[in-house]
Amino acid sequence: MAKERKVTLPISADLLEKLANFQEIELQDVIIDLEEIELSVSSSGGGGMNPVIMNRMAAEFALIRDSASRMSQVFGGGMPAMAPMAMPAQYAVAPVAPMAPIKAKPTSLIPAKTTIPPGDYVGEIVEVRLGATKSEGGTRSVSYTLGGQTAPAFYNFQAPPKNKPIIALDVFDWAKVPLSKAVKMHFREYLQDTGEWARVCVEKYGAEMINLHLLTIDPLIDDASPKSAVKIVEDVLQAVDVPISIGGCGDPQKDLAVFTAISEQIEGERLLINSVTLDMDIEKSAKLINDHDNVVVAFTSMDVNKARELNRKLYDHVDKSQIVMDTTTAALGYGLDYAFTVMERCRLAALKGDPELNHPMSSGTTNAWAAREAWMKMGPEFAPRELRGPIWETITGQTLLLTGVDYFMMMHPAAVNALKQTIDNLMKGKNPTETTNWVTVTVGGN
Amino acid sequence: MPAKELSPIQIYKLLPGTNCVECGETNCMAFAAKLVNREALLDECTPLLATEYTEAFAELWGLLKPAVKAVEVGTGENALTLGGEYVLYRHDFTYFNEPAIAIDVSDDMEDEEFETRVHVLNDFTYNYIGMDLTLDMLSIRSTSGDPVKFAEAVKKANDLTRKPLMLCSHDPKVMEKGLELVADKRPLIHGATKDNWSEMAELALKYGCPIVAYSPGDLDTLKSIALTLEEYGLEDIVLDPGTQPIEHMSTNLDIFTTLRWDSINEEEEGLGYPLLGAPMVAWGVAEEDPVLNEWNEAQLAGALITRFTDMIVVHGISGWSILPQIFLRSNLYTDPRKPVAVEAEVITIGSPTEDSPVLMTTNFALTYYTVANDIENAKVDSYLLVVDSEGMSVESAVAGRKMTADTVAEAIKEFKLEEKVKHRNIIIPGRSARLSGEIQEASGWSVSVGPLDSSGIAKYVEEKWNPYPE
């Protein structure tokens, strides 16, 4: 019986590194007489082994094996097929193909065409009109339509959005509302005068809508009466000519009482009522919206099924074109991933035909300021926070813009400006006439 | 095959089926389930490496390999994996490898600026819920076109950092001068264009380094270059379709979305590689104030991180612009399959006594880690009551009635706070102030309303904590 012999080729790490500089290794004047070889190439020792070389070595040894195998047929005895060499590497890295064929090098570029991804969505987002001009029965100088998308957000190569997303600025009727310094500095003079605050947002900071929050009605703040809330809304409608949204204080009973008073006193403006939640009297709230031809924000907390449930309940009483959905916005770094994914899931499901999620989406982007990194004093390497805050709000908003948000509630003028600009750029969807080469770009422009 | 459609049974059928437990699982089916979730490595199944399973191994790899190839750059502990992704949308599965952020330097930069940039790359770190967020790579551009200057810059970079390098020149002569100095560090070569592909491919082969296919604004040519590099025998390829200034955000989204869609949904040849974006293109636009360049760059970076890039190159090194970028990628690359909530319980921080403060928070993971970190760092000996809010933050939980006076009162009872402290006084988060009266009523404890943000807890406790108020 033949004795099994094992020969280890003494290839040092040093030599392996040197070998790594070559594409091909040719063995000359070498006689290999063997029955079985085990080839183990360590990837330790610095550079790691070039997979190309490993492939080539595998191919060379395959030739040796074949000839050895032929010899063995002549002389009797066996030669096992070679096992694939397993590379100790991260999972996602491919094991080296056992015998990559050595191909002739290409001499010209292989022609190719890239597929334009087809947009075969069956769903469409319902269109929702906010505000009413004189001809529409209101007093606003402009009204907006949200929704109408037939493709994911800004998949412009499939279908650009039919209507552009709208940015509203938050205005509060309570001077003591806790605001970050970076935000407050822009509104300090107007905190006492809600109408003036709204006017500045539109005239100075380019707000397309005003998102009024009635905090003084909160039983825990001033417990102001529905009548006084109506007065504030009237003031704001006087001060600005853009559509407005009316936000409550979060107390389900009080909010409904106030929304009722406002709906009954102020007709024809197609207000955005922010919001109706699952724990409110949905039937009453929804009928109120329907009877006065307003629009409702259906607010749920980061849960696709809850969003469906609330919409379904609303459908009994209002037309689909009167519902905007808000699945909750969390700040960058503090839950944005959940907010992002819930919105992305809602929008994609709607486009795939889910009939309970195909509404324009709203985002309380001001929540970005809940992230401490947006306002906190930090080391000099993170200064100035006057930039850190607004970029935080901008990136939070932009990330959600890319899930398909149609209505943004924001605060910082710089963030509003930046996101508006971005929306305009995206809506234009124009390709550059000349492509920029970043590798040779001169910092600071030409 | 799209990752989400793979079932453990399909995998199980190809495994040896001997339940040998060498992989650490109790049986092959359990191992198959782990493989499907990409929580185990195929070669942990040692019997699979035997000859008789060669075909099965290849078939399994075919099923399990990512749609976007994983490309390794750099060596040693700073090596990075680019790509290795399976899905277009994170909710379909999860994303795996965070996009690498490379900092830009060039060979005609003043020494001081060059060094500052490399130091920022090396030293930038920010602790975020127990993770250290850092920067990853150095991108060295030959803007001089001079091989000697490029070699000097590469040498200098190599002396200053151990993080992976990307060498950028489209002149093969310039490239080789730099490449030969650091080839053993497995730098990324940028790159092969429609004009230089042959010479660049030779360099990548000769030095065994990964290579970028670059074709700004022309995806067909990009694919041509990638296919041609494959034909050359190159396997580690990165695709750079060019990045356009912020004004052309739409073009950028179109391009990156198309490429990733084609690789995932169409399994299109030549496109299943990591994508490189260059937000630094924002610096090529003349602005009144460089702050605007950096701002636009951060926005571009945010959009490209959201839309599928596996690596980005940035020029701005200010903390205010870097921070939102690394937060965003960290957020989007967390595993959405993992629960949002931590367990409801009482945590002991430091060595509290029976007179120490009792603080309260929710079981939303981010809230919990932030609050617990703050209290620990401020060294406030205390008990932290983690109330089950169904994984929602304080503000949402209060608004959504997930945290009510009753749930708080129950938690106080369930976790036996009355046995831990002598006083009956709990500090609740500022954002749950509206519950204070009700909690007092439901639990019988007196309630103090703490700060709005947990960074204020230390100061609050120091100034206001009194276990036995009158």
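So, contacts in chain B: taking pairs at least 6 apart in sequence, 64% of them join residues at least 24 apart. Contact here is C-beta atoms, placed from the backbone, within 7 Å. Keep in mind that this is a predicted model, where local features need pLDDT of at least 70, side-chain atom pairs count only at pLDDT 80 or more, and totals for chains, interfaces and linings use all residues. Numbering runs from 1 along each chain as its sequence is written, with chains lettered from A and ligands numbered from 1 in the order in which they are written.

Now, the contact between the chains. Chain B puts in 104 residues and chain A 90. On the chain B side, that's 45 nonpolar, 37 polar and 22 charged. Nonpolar means Ala, Val, Leu, Ile, Met, Phe, Trp, Tyr, Cys and Pro; charged means Asp, Glu, Lys and Arg; the others, Gly among them, are polar.

How much of chain B is buried? Buried residues are 56% of its 470, buried being 20 or more other C-beta atoms, placed from the backbone, within 10 Å of a residue's own.

Last bit: nonpolar cores, meaning buried Ala, Val, Leu, Ile, Met, Phe, Trp, Tyr and Cys joined through C-beta atoms within 7 Å. The largest has 247 residues, and A:I210, B:I189, B:L239 and B:L385 touch the most other members. There's also a second, separate core of 16, including B:L14 and B:C28.

Technical notes. Two residues are in contact if their C-beta atoms, placed from the backbone, lie within 7 Å. A residue is buried if 20 or more other C-beta atoms lie within 10 Å of its own, exposed if 12 or fewer, and partly exposed in between; C-beta atoms are placed from the backbone.
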